[in-house]
Every structure is written in C-alpha cells, then in structure tokens.
Amino acid sequence: MEENFRDSIGTVTEEGKRNWIFPKKPSGRYYDYRKYVSYFLLIFLIAAPFVKINGHQFLLFNVLDRRFNIFGLPFWPQDFHLVVVSMIIGVIFIALFTVAYGRIFCGWMCPQTIFLEMVFRRIEYWIDGDRGAQMRLAKAPWTGKKIRKRVLKWIIFFIISFFIANVFLAYLIGGDQLVAYVTDGPMAHLSTMVPLLIFTGVFYFIFAWFREQVCIIACPYGRLQGVLLDDKSIVVAYDHKRGEGENGRKKFRKNEDREALGHGDCIDCFQCVNVCPTGIDIRNGTQLECVNCTACIDECDHIMESIHKPKGLIRYASEDEITNNNKFQFTARMKGYTAVLVVLIGILVGMLFMRNEVEANILRLPGQLYERKENNIISNVYTYKLVNKTTKDIENVSFELMSHNGEIKMVSQDTFTVPAEELAEGTLFIEINASALNGDKDKLKIGVYSGDKLIETTVTQFLAPRSYN
C-alpha cells in the first residue's frame with residue numbers, strides 16, 4: 001500500500017496558500033467535559049478582576065503603577081524574586097505535565113482554544129451552520145443572504161473581542177477603575193480608549209482570521225512538545241494495530257467480515273479529520289498541530305458505536321501502550337522533574353513565609369558628599385523609601401541607628417505614617433562623631449520602628465574623610 005507523509009503543516013496548501021479549516025461541530029462525552037471546564041475557566045477569567053478579598057482585587061497586574069495582587073495578596077516590585085521563582089516553577093510544571101500527558105493543556109485550558117472553540121466557533125455554527133453549510137457559504141457568491149450572515153457574524157465577533165479587551169484591561173488597571181472609565185464615557189479617557197481599540201483589533205484578528213494558526217505557528221509550546229514528548233507520554237493517539245489490521249483500513253460494507261479479510265476497524269470515513277480544528281489526520285501519529293482537544297475521540301467513538309465496534313480506536317494512550325501494551329509508568333525523567341518541582345515549591349513557600357511586610361531602603365543622596373560640622377561631627381544626607389505591604393496603616397514610624405552612636409534627623413518630622421499598601425519617601429540626615437567611625441566608608445545598620453516596635457532593619461553606607469581611618 002502506498003504511504004504518503006506530510007512535509008508541511010495541514011493549514012497550508014501545496015501552493016503555499018492558506019488552507020481554511022472548516023471543522024465539523026464536535027459532540028460527545030469529552031466535548032461535554034471540555035464545555036464544563038471551559039465555562040468554569042471563562043467565568044473565572046471574567047470574574048477575577050472584580051472579586052475582592054480583604055479589599056484587594058483577586059488578580060491584578062498593574063505594571064504602570066507597579067501594583068500586583070495574586071490571589072488577593074498584594075505584591076510589589078521588591079518581591080520580583082518571588083515572581084522569578086514562580087515562573088521557574090511554572091516552566092518545570094509545564095515540562096512535567098507535557099512529558100506525562102502531552103499537550104492536554106492546549107485542548108482543555110488554553111484561553112486561545114477556549115475562546116475559539118467554545119465562543120467564536122459556536123457562534124459561527126449558529127450563524128453559518130455546520131461544516132458542509134460553511135463550505136458552501138464560503139464558495140457561494142456575495143448574495144444578500146451571505147452578506148447578512150457575514151456582517152452579523154463580524155459584528156458579534158467585534159463586540160466579543162471588545163469585551164475580551166475590556167476584561168484584560170481590568171487586570172491591568174483594576175476592576176473598579178474600569179467601571180469608573182465606563183461610567184465616565186469613552187471621550188473622557190481617550191488615552192485608554194485608543195489602545196483598547198487596538199487590542200480589540202488584535203483579538204478580532206486572532207479569533208476571526210488567524211485562529212488555529214496561533215497554535216501552529218505563533219505558540220512556542222507546540223515546538224516545545226516535540227522535545228518533551230516520548231513514546232511513553234499519554235496523548236490523543238490512534239490505535240494503528242487495531243485500526244489497520246494486516247491489510248490496512250477499508251471502507252465499511254454491511255455484513256462484511258472485516259476480520260476474516262484482514263482489515264482493521266478503521267473504516268476510512270475521515271470523520272476524525274473533518275472534526276479536527278487544526279485539520280490533521282490523527283492516524284498519521286502525533287503531530288505538531290494536535291492540541292489534544294479530543295474531538296476526534298468523540299467522533300470516532302460515535303462511528304464505532306454505529307458499526308457495532310468497540311470504542312477507543314482513538315483514545316488517550318501512549319505509543320508504547322499501543323505498540324507493546326505497556327501501561328503508563330512514572331519514568332525516571334518524570335521523577336527528576338518532580339524532584340526539582342518539589343524543591344522549588346519548598347523554596348517558594350519558605351520565601352513567602354519570610355517575606356517582609358515592610359520594605360525599607362535608605363540610600364545616600366546621589367552627588368552629595370559628607371559635611372563636616374562642629375565638635376568633629378560628620379553628616380550625610382539620605383533619601384528613604386518605605387513600602388507598606390499590609391492592609392493597615394503603619395503609624396509613628398521612626399529610624400534609629402543600631403550599629404553606631406549617632407543621630408538621625410528627619411527633614412520634615414520626627415515620625416510619620418505609611419498608609420496601607422502605599423509608599424512613603426523623604427529625606428533624612430545621619431550625623432556621627434568621627435571618633436566612632438572605622439574608615440571612610442562605614443556600613444550602618446538602621447532600625448525602622450513603629451512606636452517602640454522594631455518592624456524592619458536596613459543597611460546603608462556612611463562616607464567620612466579618609467584621614468579618620
């Protein structure tokens with residue numbers, strides 16, 4: 001039997017043009033499960049910027065004001081090391097998950113797939129019809145009916161894209177701020193409205209035209225899976241031993257003894273291809289375009305039921321299980337990833353417990369030298385910044401020298417208040433007798449107090465004349 005192997009992606013024709021995909025509307029138990037997962041994640045995505053815990057937005061990534069809330073806990077740029085460790089944990093987790101279960105994240109949890117398959121395509125099925133109707137409509141001349149369908153679909157797509165852009169804006173500026181902008185009207189915030197429309201256009205382009213090309217061309221995860229997968233990874237797989245038999249697949253004929261003729265259970269109906277959102281033939285094995293969406297599993301199970309054959313010709317399985325009948329095993333590579341993941345999670349938990357509620361920085365004023373005063377006193381001028389990461393005001397804040405005998409003089413007032421989740425900054429002078437100094441650059445330890453309670457310590461440098469070594 002002649003075998004043909006692809007050397008290009010399924011969404012590009014031999015002439016190099018776009019091969020537009022018209023997937024059949026999926027149905028089945030996996031599709032129902034995916035709908036439940038997708039609707040839950042959609043509700044979470046839309047609600048998270050508007051849900052508050054102890055007055056904090058559940059998720060906030062305000063890069064401009066450098067304010068971040070993660071699961072209701074406020075974080076600051078000074079906590080960036082926690083973000084770095086969290087990102088490393090995320091990468092290791094994705095690697096472990098992919099090694100074990102393939103690209104299942106793409107088909108079940110990726111926002112691109114959820115919006116495309118569970119929102120935009122469902123609207124398209126409602127307006128244009130299923131696969132056959134969409135193909136006929138695409139080839140049909142521009143009649144009044146086609147224009148009405150296209151305009152209606154494009155308008156709805158644009159409205160949804162605008163809504164998605166607003167949801168993402170809420171993550172950046174805050175849900176309350178977004179509501180205030182909407183209440184004030186677009187003309188009152190043109191500087192925000194213009195980029196919002198730009199992102200609306202980006203989302204519209206992605207979901208109305210670029211579509212599965214994001215997963216195939218733009219997303220790096222598809223390339224990553226080629227490195228991480230092996231024959232023991234559980235993926236959406238075609239059971240070639242059962243499907244091909246000794247003499248290959250064959251069209252179904254009623255009352256035919258396929259087993260006696262040496263043909264497999266695959267009846268070459270191409271329904272698994274027609275339902276695939278990236279247009280691949282899963283019978284060719286694991287491929288770059290496959291996002292493990294399970295649409296082919298549901299469709300193949302339906303066909304097997306209709307011809308009274310066992311389901312599972314296409315199923316979640318590893319190549320090793322199909323070829324050698326070996327069940328899933330926790331391999332040495334998975335154990336290695338797990339060990340690294342556990343260690344990193346332990347480090348992150350430890351960092352979170354040791355995270356200070358107050359961050360203090362005291363730095364010498366740039367360009368200023370020390371000042372010599374009466375009675376052998378050396379004075380340096382500093383700027384201070386205090387970040388209050390808590391939800392309560394910190395009152396009666398003052399500074400005291402802990403490493404040297406000397407005096408700290410505030411420019412404005414001796415004590416001050418740092419509001420909740422705010423930054424306080426100002427200027428102060430540190431004066432030390434030269435006899436108490438050890439050299440021209442001494443390291444000072446300074447305590448930050450709230451009343452009589454020590455809440456933080458910090459260090460800074462103190463400059464003095466070299467002759468006082």
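## Briefing: helix α6 and a few residues worth a look

Asn69 is buried, with a relative accessible area of 7%; here buried means under 20% relative accessible area, exposed means over 50% and partly exposed means in between, using a 1.4 Å probe and protein chains only. The model is predicted, so local features need pLDDT of at least 70 and side-chain atom pairs count only at pLDDT 80 or more, while totals for chains, interfaces and linings use all residues. Residues are numbered from 1 along each chain as its sequence is written, and side-chain values use heavy atoms, leaving out hydrogens and water.

**Asn69 and its surroundings**

- Asn69 sits in strand β4, residues 67-70; strands (E, at least two residues) and helices (H or I, at least four) are DSSP runs, numbered from the N terminus.
- From its side chain, Asn69 reaches the backbone oxygen of Gln57 at 3.4 Å.
- Not counting residues up to four places away in sequence, Asn69 touches His56, Gln57, Phe58, Leu59, Leu60, Pro74 and Phe75, where contact means heavy atoms within 4.5 Å.

**Helix α6 with helix α8**

- Two packed helices are described by the angle between their axes and the distance between the axes.
- Helix α6 (residues 144-173) packs against helix α8 (residues 190-210) at an angle of about 125 degrees, and their axes are 8 Å apart.
- The axes are lines fitted to C-alpha atoms, for helices over the stretch in contact, and the angles run from 0 to 180 degrees between N-to-C directions.
- α6 and α8 are therefore oblique to each other; angles under 35 degrees count as roughly parallel, over 145 as roughly antiparallel, 65 to 115 as roughly perpendicular and the rest as oblique.
- The crossing of α6 past α8 is right-handed, meaning that the near helix is turned clockwise from the far one by less than a right angle, with anticlockwise being left-handed.
- On the α6 side, the residues that meet α8 include Trp154, Phe157, Phe158 and Phe162, and on the α8 side their partners include Met193, Phe199, Phe203 and Phe207.
- This contact of α6 with α8 divides into 16 nonpolar, four polar and no charged residues; Ala, Val, Leu, Ile, Met, Phe, Trp, Tyr, Cys and Pro count as nonpolar, Asp, Glu, Lys and Arg as charged, and the others, Gly among them, as polar.

**Helix α6 with helix α7**

- The axes of α6 and helix α7 (residues 175-184) come within 7 Å and cross at roughly 125 degrees.
- That makes α6 oblique to α7.
- Asn166, Leu169, Ala170 and Ile173 in α6 are in contact with Gly175, Gln177, Leu178 and Tyr181 in α7.
- Sorted by class, the α6 contact with α7 has five nonpolar, three polar and no charged residues.
- Gly175 lies in helix α7 and, at 1% relative accessibility, counts as buried.
- Leaving aside neighbours within four places in sequence, Gly175 is in contact with Pro49, Phe50, Gln57 and Ala170.
- Gly175 and Leu59 are 116 residues apart along the chain, and their C-alpha atoms are separated by 9.7 Å.

**Helix α6 with helix α4**

- Helix α4 (residues 111-128) and α6 have axes that come within 10 Å and cross at roughly 155 degrees.
- That makes α4 roughly antiparallel to α6.
- The crossing of α4 and α6 is right-handed.

- Glu212 is in the loop between α8 and α9 (213-218), and at 3% relative accessibility Glu212 counts as buried.
- Beyond its neighbours within four places in sequence, Glu212 is in contact with Thr11, Arg18, Ile21, Leu116, Arg121, Pro277 and Thr278.
- Phe71, in the loop between β4 and β5 (73-75), has a positive phi of about 55 degrees although it is not a glycine.
- Phe71 is exposed, with a relative accessible area of 54%.
- Phe270, in the loop between α12 (258-261) and α13 (271-274), has a positive phi of about 65 degrees and is not a glycine.
- Phe270 is partly exposed, at a relative accessible area of 37%.
- Lys453 lies in strand β16, residues 453-463, and is exposed, with a relative accessible area of 57%.

Conventions:
A polar contact is a pair of N or O atoms within 3.5 Å; within protein, one must be able to donate a hydrogen and the other to accept it, and residues adjacent in sequence count only if both atoms are side-chain atoms.
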